[in-house]
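Subject: Structure handover

Hi,

My notes on what turned up follow below it.

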Amino acid sequence: MNHPAYGPMEVVSYERVMHADTAPQGKQPSFAVYQGNTPVNYEVNRDATTLVSFGPAPVIGDQVWDVAGNTPVDTHGNLYLSSSKGVTVISPTDEGYSSNGTIPEANVITPYPTNPAGLTIDASGEPTILVKDVAPGGAPNGKTLKYVWNGSTFVLKK
């Protein structure tokens, strides 16, 4: 990726196995940012233990992952990682990169969509996060909510 202030950087996703003797294995998600061979940023959710997978491709059966050009980076410089818990949005900041509170099992910052979610990035690079809406009590209601990037965060598309 090309950071607007620091130039070329590489973001690498990691998943540490927490429960090796179970199926599926519980994993702990994290990502690191490197400039050359030097690590400059690292983020982990130490409380996560039920993640199945974490990386740049879809991992849950009905998750939409329609990424034009086969790269999970949008025109705004955001990188997207997928997990069994939804979509993680990694954005450039003045200090490096941030997951905006969307690293799996830590979806605490609103209005970022939580889980389960899918992603589309159209040919122009514009992202849309798709969230299956649920009724009170958690039952799916058949609706899909669409969130679009407004320049600094995701907002519900009307």
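Strands here are DSSP E runs of at least two residues, and helices are H or I runs of at least four, numbered from the N terminus. Two strands pair if DSSP finds at least two bridges between them.

First, the ground rules. This is a predicted model, so local features need pLDDT of at least 70 and side-chain atom pairs count only at pLDDT 80 or more, while totals for chains, interfaces and linings use all residues. Residues are numbered from 1 along each chain as its sequence is written, and side-chain values use heavy atoms, with hydrogens and water left out.

Confidence

pLDDT is the predictor's confidence in each residue, from 0 to 100. The chain averages 83, and 91% of the residues score at least 70. Confidence is lowest in strand 6, at a mean of 84, and highest in strand 2 (residues 7–8), at 92.

Strands 8 and 9 are antiparallel over 5 bridges. A hairpin of 2 residues joins strand 8 to strand 9. Leu 79 has Ile 90 in strand 9 as its bridge partner. Strand 9 (residues 86–92) is mostly covered, with 6 of its 7 residues buried. Buried means under 20% relative accessible area, exposed means over 50%, and partly exposed lies in between (1.4 Å probe, protein chains only).

Strands 9 and 10 are also antiparallel, over 2 bridges. They form a hairpin with 4 residues between them, and Gly 96 in that turn has a positive phi of about 155 degrees. Ser 91 is the bridge partner of Ser 98 in strand 10.

Two buried polar residues

Asn 78 sits in the loop between strand 7 (65–67) and strand 8. Its relative accessible area is 1%, so Asn 78 is buried. Its side chain makes a polar contact with the side chain of Ser 91 at 2.6 Å. A polar contact is a pair of N or O atoms within 3.5 Å; within protein, one must be able to donate a hydrogen and the other to accept it, and residues adjacent in sequence count only if both atoms are side-chain atoms. Beyond its neighbours within four places in sequence, Asn 78 has contacts that include Pro 72, Val 89 and Trp 149. Contact means heavy atoms within 4.5 Å.

Ser 91 is in strand 9. It counts as buried because its relative accessibility is 6%. The side chain of Ser 91 also has a polar contact with the side chain of Asn 100, at 3.1 Å. Residues up to four places away in sequence aside, Ser 91 touches Asn 78, Gly 96, Tyr 97, Ser 98, Asn 100 and Trp 149.

Strand 3 meets strand 4 (residues 27–35) through 8 bridges, antiparallel. Val 17 stands opposite Lys 27 there.

How many salt bridges does the structure hold? It holds 1, counted as a side-chain nitrogen of Lys or Arg within 4 Å of a carboxyl oxygen of Asp or Glu. Glu 15 and Lys 27 form it, with the closest N and O atoms 3.1 Å apart. Glu 15 lies in strand 3 and Lys 27 in strand 4, so the pair ties together parts that are 12 residues apart in sequence. Glu 15 is partly exposed at 31% relative accessibility. Lys 27 is buried at 14%.

Asn 41

Asn 41 lies in strand 5. Its side chain reaches the backbone nitrogen of Tyr 97 at 3.3 Å. Leaving out residues up to four places away in sequence, Asn 41 touches Phe 31, Ala 32, Val 33, Gly 96 and Tyr 97.

Best wishes
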